[in-house]
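The following exercises are to be worked through with the sequence and the structure at hand. Each task is followed by a solution in steps.

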Amino acid sequence: MEGMVIVSNGEEYNVDVELFNLGSEVSILIHDRTNVYKYVEKLNQNRNDLFFLKRELNEKNIELERLRKIADQANEEKSRFLAMMSHEIKNPLNVILGYTELVNKENISKTIKKYLKYLTISGKNLKVIVDDILDLSRFEAGKLHLSKSAVNLNHVVDQLINDYKYSHGDIDVKLFFLCSPKLPKFVIGDDVRIYQILTNLINNSIKFTQKGSVSINVDLTSLDENDVIISFKVTDTGRGMSKKQIATVFEEYQQNELDDNRIHKGVGLGLAIVKRLVSAMNGTIRVTSKINVGTTFYIDIPFHIDASVIVEENSNEQIVENNYLKNSKILVADDNFLNREIVTHILTKEKADFTIVKDGLEALNLMQKETFDMVLLDINMPNLSGESLMRQKEAYRKSNLETPILALTANHTEEEVEGYLKIGFIDVIPKPFTSKQFVQMLNKNLKVKFG
């Protein structure tokens with residue numbers, strides 16, 4: 001008999017009983033299985049617990065997968081929304097900056113030029129904010145990729161000097177740029193993101209410096225045969241920060257209160273993006289500051305040196321000296337009336353022979369009948385988008401098979417530009433653009449055609 005329970009002195013015992021018939025005698029063998037049964041019962045309970053736990057985990061995994069799909073879909077919707085808003089914001093921004101530049105070249109008073117300077121600064125700050133929001137979205141989606149090309153750091157600093165010479169005329173804040181003569185001529189990196197890091201830091205320093213200076217130093221920290229570490233230092237003589245402010249300065253949407261009403265504003269994303277970009281480049285960033293003395297940002301970024309890439313990059317440099325736009329037959333398609341007006345003004349000044357239409361369908365009809373030296377297509381247009389027109393090569397190949405076609409767009413991430421080039425666009429003109437940038441881009445591509 002198995003599994004008997006015997007109670008003795010108030011305690012229960014699990015026993016097995018065996019009876020042996022030995023003829024004239026009957027032997028009884030009692031096995032105390034109390035501990036065994038306890039272990040068996042515990043094992044059975046654990047097995048049951050594991051069964052229910054496994055079922056619960058499976059249910060939670062199914063729920064997590066469902067939530068992950070919802071989150072992915074929400075991120076995709078957010079990315080599409082931000083891309084659409086970027087395009088819608090950058091179109092009028094292109095008009096604002098374009099007309100500001102055109103008016104500034106006219107014979108106007110010093111007072112009007114002062115107003116235009118502030119308008120330009122505000123417009124560029126708005127562009128920075130839009131770009132920062134898009135970059136943050138790309139970071140969150142894991143879609144921000146750094147390019148690896150030959151970068152001349154002296155050229156990056158020269159570009160900063162030229163840009164701030166026009167947009168920053170505040171006599172109370174002086175800008176100083178210094179590049180070490182020991183810098184290698186080329187490093188392998190992403191010049192656009194390096195420029196973005198420095199402009200964000202410079203703009204931040206200007207914002208918090210009511211009177212004084214902002215200094216930008218680029219120096220060599222270490223160098224061996226194939227690798228180099230470059231240091232970037234941005235120092236201002238502004239209001240400074242407390243230890244508490246320093247601890248949170250790289251957090252998203254973090255802003256320190258301003259007592260003065262500065263024209264430079266933001267949403268607190270610039271330094272957060274700088275931190276992420278530096279980390280993506282395997283670099284480090286730190287900050288020191290003292291109230292009413294100033295702030296210094298220190299960045300160290302490692303770069304690779306590749307002689308083969310340097311030679312190729314150096315050999316492909318093109319300097320456009322001639323005005324290839326003069327008398328060139330150019331077709332421009334853009335659905336935005338004000339953008340068309342800006343392009344009309346620029347091309348008229350450059351004495352180009354141009355035709356401007358308001359959508360891709362009109363452009364396609366002309367491309368089937370006439371041959372152009374260059375075609376510029378806005379990506380987002382009604383009736384027929386620039387991208388859709390580009391895919392219809394058979395429709396215009398007889399007249400414009402060899403014609404360079406450029407994209408005009410506010411959507412110009414690395415992935416988007418690669419996509420446009422892949423379907424046949426020869427180059428991309430990002431919005432907003434200045435008249436100088438616009439003319440340089442067109443001359444560069446016309447030189448390839450005529451040169």
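Helices (H or I, at least four residues) and strands (E, at least two) are DSSP runs, numbered from the N terminus. The model is predicted: local features need pLDDT of at least 70, side-chain atom pairs count only at pLDDT 80 or more, and totals for chains, interfaces and linings use all residues. Residues are numbered from 1 along each chain as its sequence is written, and side-chain values use heavy atoms, with hydrogens and water left out.

**Exercise 1.** Determine in which order the 5 strands form an open sheet, and which strands stand at the edges.

*Solution.*
Step 1. Two strands pair if DSSP finds at least two bridges between them.
Step 2. The order is E12-E11-E13-E14-E15, with parallel pairing.
Step 3. E12 (353-357) and E15 (427-430) are the edge strands; each has a single partner strand, so one side of each lacks a neighbour in the sheet.
Step 4. From one strand to the next, the twist averages 20°. Axes are lines fitted to C-alpha atoms, for helices over the stretch in contact, and angles run from 0 to 180 degrees between N-to-C directions.

**Exercise 2.** Identify what packs on the sheet.

*Solution.*
Step 1. Contact means heavy atoms within 4.5 Å.
Step 2. Helix H8 (residues 337-349) touches strand E11 (329-333) and E12, and its direction makes about 175° with that of E12.
Step 3. Helix H13 (residues 435-450) lies across E11, E13, E14 and E15, at about 175° to E15.

**Exercise 3.** Describe how E13 and E14 are joined.

*Solution.*
Step 1. Strand E13 (residues 374-378) and strand E14 (residues 405-409) run parallel and are joined by 4 bridges.
Step 2. Leu377 stands opposite Ala407 in E14.

**Exercise 4.** Examine the backbone at Pro432 and Asn292.

*Solution.*
Step 1. Most residues other than glycine have a negative phi, and most peptide bonds are trans.
Step 2. The peptide bond from Lys431 to Pro432 is cis, with omega near 0°; Pro432 is in the loop between E15 and H13.
Step 3. Asn292 has a positive phi, near 65°, and lies in the loop between strand E9 (284-290) and strand E10 (294-304).

**Exercise 5.** Find where pLDDT stays under 50.

*Solution.*
Step 1. pLDDT is the predictor's confidence in each residue, from 0 to 100.
Step 2. The chain averages 82, and 87% of the residues score at least 70.
Step 3. Residues 257-267 stay under 50; the model has 28 contacts for them beyond four places in sequence.
Step 4. Where pLDDT is low, the predicted coordinates should not be read in detail.
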